[in-house]
Amino acid sequence: MRNQHGETTSSALFQIKQGPYGGAYRAFAATVMAGISLIWAYRAAVMPPAGQSGRWPWIGMFISEILFGLYWILCQSVRWRITYNFPSKQQLSIRYNDDQLPNVDIFICTADPIIEPPVLVINTVLSAMAFDYPTDKLAIYLSDDGGSDFTFYALIEASNFAKHWLPFCRKFMVEPRSPEAYFSLHSVLPHRSQEYIDMKKLFDKMKERINSVVEMGKVPKEIRDQNKGFSEWDNGVTKQNHQSIVKIIINGQIHDDVDIDGCVLPKLVYMAREKRPQHPHHFKAGAMNALIRVSSEISNAPFILNLDCDMYSNNPDTIKELLCFFLDGKRSHDIAFVQFPQDFDNITKNMLYGIPDRVVNEIELAGISGFGTALYCGTGCFHRREALSGKKYIEDLNGSVHLDVQTKKKVPKPVNELEEACKLLVDCNFENGSQWGKEMGLVYGCPVEDIVTGLTVQCRGWRSIYYNPKKRAFLGVAPISLDVALVQYKRWSEGMFQIFLSKYCPFIYGHGKIKFGAQMGYCVYLLWAPLSIPMLYYATVPALCLLQGISLFPEVTSLWAIPFAYVFVTKNCWSIVEAITCACTLKAWWNLQRMLLFRRTSAFFFSFIDTIIKQLGFSQTKFAVTAKVGAEDVSKRYEQEILEFGSSNIMCTMIATVAMLNLFGLLLGIKNVATLDLELFYKGLNKFILQTVLCGLIVLINLPTYEALFIRRDKGCLPSSSLFKSVTLALLACVVYVL
Ligand SMILES: O=c1ccn([C@@H]2O[C@H](COP(=O)(O)OP(=O)(O)O[C@H]3O[C@H](CO)[C@@H](O)[C@H](O)[C@H]3O)[C@@H](O)[C@H]2O)c(=O)[nH]1
Ligand SMILES: [Mn+2]
């Protein structure tokens, strides 16, 4: 498809704008930098001499503050040139009519029918089928790493339901187009039409059928007999062990592949790549690569949308908006992917678990995008197929080659021939000795396959764009309990730190290929895990020193207190302002600060340890799939914004220990000061106030932790074994330290 129209800026398909207040931020950042330098100077100048008690904790504080300071410098990269992108759908429709639009393939991954219920998966599938886009140009591929006939069955049900759902969506301009989300949002419409009632009934019935099959634990014979595809499950398919399965459920070629209005349906394909216990399957990256190959055989669209199974489309116009970035003649040729932020439809007002981190979504990710290197975040991302498949971007002076987005049409093959051809592409041995997982497709060996893949694509010369529309494009399911949220962050921080230590370290791998600011920006995330060390130090040692009467901060009346106070107060004020401009409540900001403390002292710390162990070669990459459903009482507490600890895992114990330690520090510290006579009291106050404030803040932010330890008796509280462990550990630390 070639653009016949002249290229003037007014007809550009998208606009790029700089974020506001860039200058003010830089000025502010300079003063904070000065403050940080003064803190460093203080640590060096006033260090206790050798032999004096408190020298070692002091040195520890110094190192921690150096690390915090360096990390803060890294963080400036993602605020330095924030840019926002605005597509113009109107311009697109002026320039291209529907026949000229390119094909789009949509990949959806699922991994387990229990953790990711089939009904959830097909809601995402249906929302993707119902995009406002020519249906003959859409193909939806579901990769099922669970290898489950439940999911296959649900997909067949979905393909039948789509025949009613798609016309309904078109007729009533339904939004959002995930039936589950639509019906729950619009359950109290005053004038519900008969069509609405019928459609809801149809949907509920389908849900009931699917759920009852899942509950039964097997697909009954009468259903199996209706579709010969089920024969694949005849000989003992398990999640880890089965042949390749590829089923084209809707091919869009036979007369049956139309909806009740006679419109052709999008293609729909079920795929479960071959799995054998002795063969590493590379988790989601492996699934995605299999999808790339299978889709290239069937539809081979030039653009690919990648979704997690819980991420339904919330805006039917998204594909058209997004194509503005790819079809703008002048500036599109080197764009490899466009990433949307991850957002969720089950978040509460004050975002108890700091999810989504709006400041990251609105500011930081837009900041990295300013360097032309938006991060690939795994879901809600549109790719140019050739860039994802491993092609290098080669600058073309007349800029025309890459506009040729329409791929050559293949001669249509009969469905079973196609399926057989596809099966070969997804068997265990297909990738042997190939570049898949290295130079081609998604990169293997890392639990955050998305980030590392995005980086390799950028290092092949491509640019990427971050697009954060007002109307949220995709909505997923956020974790609703603390342990799930922490396990997810553990996987991320572990994977990211692995990237930093691997040959993909942005400073080395990206050197000369992406901008230095982008290299720094990547490291803001890649260094989450090691950041836990200074954090843990700061959250424990000052409390221990308070017990022992060792002062680690300047007297409050001394001038040296100023940089500490300045850096602490202004940084937090700025962060509050940022949160509020991103439409967060104050309480949400406070909750996020708690989650930052929790993540850094538990998830990040354990991922740091695990990564080191892995580097030594003692263990292998894992991918713990995030739970997408919770028990009823868990959901209830989530809606009331009550922290759900729920299990006595090591991360919760760590959190509780840090909380107890600071409580001891605070109480005994106050007691120590309070028993002195008045003059000494003031002296002590002067000397220990900053340290006490620090301890006090940690105690304050941990109020829900104490509540879960001592007061609550529901299932989400911290079990008594955690209370026992944390108190013992905290006391032990005190004793060891004081001795
Ligand atoms: O062996 C696997 C494991 C996972 N998945 C799928 O990968 C997706 C993401 O898994 P999830 O457990 O939901 O992880 P999240 O923490 O929510 O995922 C974020 O982080 C991942 C990297 O850690 C990215 O892959 C995801 O796209 C991104 O949403 C889901 O659709 C899974 O079905 C597979 O297909 N095969
Ligand atoms: Mn997820």
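Helix α14 is followed by G461, a residue with a positive phi near 105°. Helices here are DSSP runs of H or I with at least four residues, strands are runs of E with at least two, and both are numbered from the N terminus. The model is predicted, so local features need pLDDT of at least 70 and side-chain atom pairs count only at pLDDT 80 or more, while totals for chains, interfaces and linings use all residues. Residues are numbered from 1 along each chain as its sequence is written, with chains lettered from A and ligands numbered from 1 in the order in which they are written.

Let's stay with α14 for a moment. This helix is mostly covered, with 10 of its 11 residues buried; among them are E449, D450, I451 and V452. Buried means that 20 or more other C-beta atoms lie within 10 Å of a residue's own, exposed means 12 or fewer, and partly exposed is in between, with C-beta atoms placed from the backbone.

Helix α14 also brings us to ligand 1. Together with β3 (104–110), α9 (283–298) and α15 (482–501), α14 (449–459) is one of the elements that each supply at least two residues of the shell around the ligand. The largest share, 4 residues, comes from α15. Of the 24 residues around ligand 1, C109, A111, F283, D308 and G378 come nearest; a residue is near if its C-beta atom, placed from the backbone, lies within 6 Å of the molecule. By class, the shell has 10 nonpolar, 7 polar and 7 charged residues. Here Ala, Val, Leu, Ile, Met, Phe, Trp, Tyr, Cys and Pro count as nonpolar, Asp, Glu, Lys and Arg as charged, and the others, Gly among them, as polar.

Next, look at a pair of helices. The axes of α1 (residues 22–45) and α19 (residues 561–581) come within 8 Å and cross at roughly 145°. These axes are lines fitted to C-alpha atoms over the stretch in contact, and angles run from 0 to 180 degrees between N-to-C directions. On the α1 side, the residues that meet α19 include F28, V32 and G35, and their partners in α19 include P563, F564 and W574. Contact means that C-beta atoms, placed from the backbone, lie within 7 Å. By class, this contact has 10 nonpolar, 2 polar and 1 charged residues.

Now for some single residues. I245 lies in strand β5 (residues 245–250) and is buried because 22 other C-beta atoms lie within 10 Å. Leaving out residues up to four places away in sequence, I245 touches E232, M271 and A272. K349, found in the loop between β9 (335–339) and α11 (358–369), counts as exposed because it has 11 C-beta neighbours inside 10 Å. The C-alpha atoms of K349 and A588 are separated by 7.5 Å, although the two residues are 239 apart along the chain.

Finally, the backbone deserves a look. Most residues other than glycine have a negative phi, and most peptide bonds are trans. The loop between β9 and α11 also holds P356, which is joined to I355 by a cis peptide bond with omega about -5°. Another cis bond runs from E175 to P176, with omega near -10°, and P176 is in the loop between α5 (149–172) and α6 (179–185). That loop also contains M173, whose phi is positive, near 45°.

Methods:
Contact = placed C-beta atoms within 7 Å.
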